[in-house]
Amino acid sequence: MIHYRVSYENPLTFYLQIELTLEVAADAAAPLELQLPAWRPGRYELQNFAQKIQRVEVFDAGSSQPLPYRKLTKDRWEVANAAGRTVQVRYNFYAHQMDAGGSWLDESQLYLNPVQALMYAEGRQQEACDLTLMLPDDWEIACGLLQTAPNVLSAQNFDQLADSPLIASPTLAHHEYEAGGLLFHVWVQGEADVNWPQLLHDFKAFSEVQLELFGGFPVPDYHFLNQFLPYKHYHGVEHNNSTVITLGPAELIMSEGLYKELLGVSCHELFHTWNIKSIRPAEMQPYDYSRENYFRTCFIAEGITTYYGEYLLARSHVRTPAQYFEELNTVLRKHYDDAGGDNLSLADASMDLWLDGYKNGVPDRKVSVYHKGALAALILDLTLRQLSGHARSLDDVMRRLYEEFGKTGIGYTEDDYVRVVNEVAGRDMHAYFDKFIYGTAPLQETLDRVLHTVGCQLLVGENASASEGLFGFRTVVKNERTEVTAIWPGSPAAAALTVDDEIVAINGRRVDMNLQSLLSSGAADFEVSVFRQNRLLTVRLAATPGVSFGQRYAIDKLDTTDAAQQRGYQQWLGWEF
């Protein structure tokens, strides 16, 4: 067994002391190589956790003599002459990242994502591990791992250990509920006045709908680890049998705005227990923590999960259809916020997560696997329902994936997913994949058409901003400077302005929080004075009659429907029309 020990001397420094102890066989021919993960599952970019490591030391545990080592890469260490020894590795880890994928230490708690902090021995990832936490006597531990002794957690292998975050503190709140004969734990760290009866009722409702959808659960129990923070925050990360959710401000946790975020992220992360933790792409069987794990199917892992995360809240009657449509409209707004959807497919966007998928990036380059992926999932779900008279849906696709790949531990490929979709549809669905997964076809027409089958529609509204709606550019005011931040391709602004221009006057009138009113005069064209690279220029802007930019899309019920549409609405959402 491989042993880990975590302690701390001074929480004010944020440094944890990490100790790894393992025996090396006497006949080991190769040097011992130790790898710190470079990324974590759930965020598909290199994060280079070795930046948080201080003062690595290696010893012979029997004699306490130092052993020589050298770095092979930025996050890999080689220990020579380790054969036949019990090797002990010590180092400090800086735990000062409070988000759902981070680690944090202070006087009140230890919050640890082991994937950030624990090295593993190359070639020995399948060996059993234990983790001993040196904690005050009155501290409790929230974690999905089995606790085999006081403050000792056990894992079957490094993958399970790395995928099991923990919170330890003397102030943890803990409640449980049962769904489908399984036990679900809800842990809260933070000062929040939680309405526990309401929360447990709502969590039980969406958990039962998910269990019914899949017909089983990949793990024996589940833990929601919540960090309710004293400031505004929103983040969630999925794990093997748990999730960490960081949300704030804590005093508003039961307010409508923040509670809906808690429900949405919790339902989303629970769905990941099947979709990515169990139903896993072939490229990640197993995870390689040392490098990028490229996969073209994140539109399944994240897009479908984003769709179900809000949709199942309506289906379980935790949220109303109107509340669900509000969330859908937020997804629409984010997807149509720029022209990136014209330039990159969902499949390629999945690959590009490792490039710049979590950054704003250059203008109009990319598309979100979360937002467009959710809209593509909605189109697929309603299409499958239409083709089968609601006898089949995206539920059947996910159930098939769980049966074939989740339960067996076999990774699925792109071709596997296409095959399952075709089989559930009862026809070749290549047009859907060519347009919306591997191509950049607009979604609007198809989305509106399938929404009509369930008594709904896609509404298109003009952009209320004169600068964006008429001329195709957005601005922000920084230190009393009005700066151009985005420009729609093919717009009047694209021929006259550039990003970072400072707009100082319109038709000779100074711009001072009045840009929209100055551009709403109805004039045929405008003389715009700008500073560009500290040079004063004058350019002309003229709207194109009948052409607008940055339209706003929304989903709502149709005013007039027939019986079939109303029945489809009920079968899709589980609510009467």
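How much accessible surface does the protein have, and what share of it belongs to carbon and sulfur atoms? The accessible surface comes to about 24,300 Å², and 48% of it belongs to carbon and sulfur atoms (areas by the Shrake-Rupley method with a 1.4 Å probe).

Keep in mind that this is a predicted model, in which local features need pLDDT of at least 70, side-chain atom pairs count only at pLDDT 80 or more, and totals for chains, interfaces and linings use all residues. Residues are numbered from 1 along each chain as its sequence is written, and side-chain values use heavy atoms, leaving out hydrogens and water.

The protein has 15 helices and 28 strands (DSSP runs, H or I of at least four residues for helices and E of at least two for strands, numbered from the N terminus). Its radius of gyration is 27 Å, close to the 25 Å that the globule rule gives for 577 residues, so the protein is as compact as a globular protein of that length (taken over C-alpha atoms; the rule is 2.2 Å times the number of residues to the power 0.38). Of the 577 residues, 56% count as buried, meaning under 20% relative accessible area with a 1.4 Å probe, protein chains only.

Now zoom in on strand β2, residues 15-23, where seven of nine residues are buried.

| Partner of β2 | Bridges | Direction |
|---|---|---|
| β1 (residues 2-7) | five bridges | antiparallel |
| β7 (residues 86-94) | nine bridges | antiparallel |

Within these pairings, I18 in β2 is the bridge partner of V6, while L16 stands opposite F93 in β7.

Methods: Buried means under 20% relative accessible area, exposed over 50%, partly exposed in between (1.4 Å probe, protein chains only). Two strands pair if DSSP finds at least two bridges between them.
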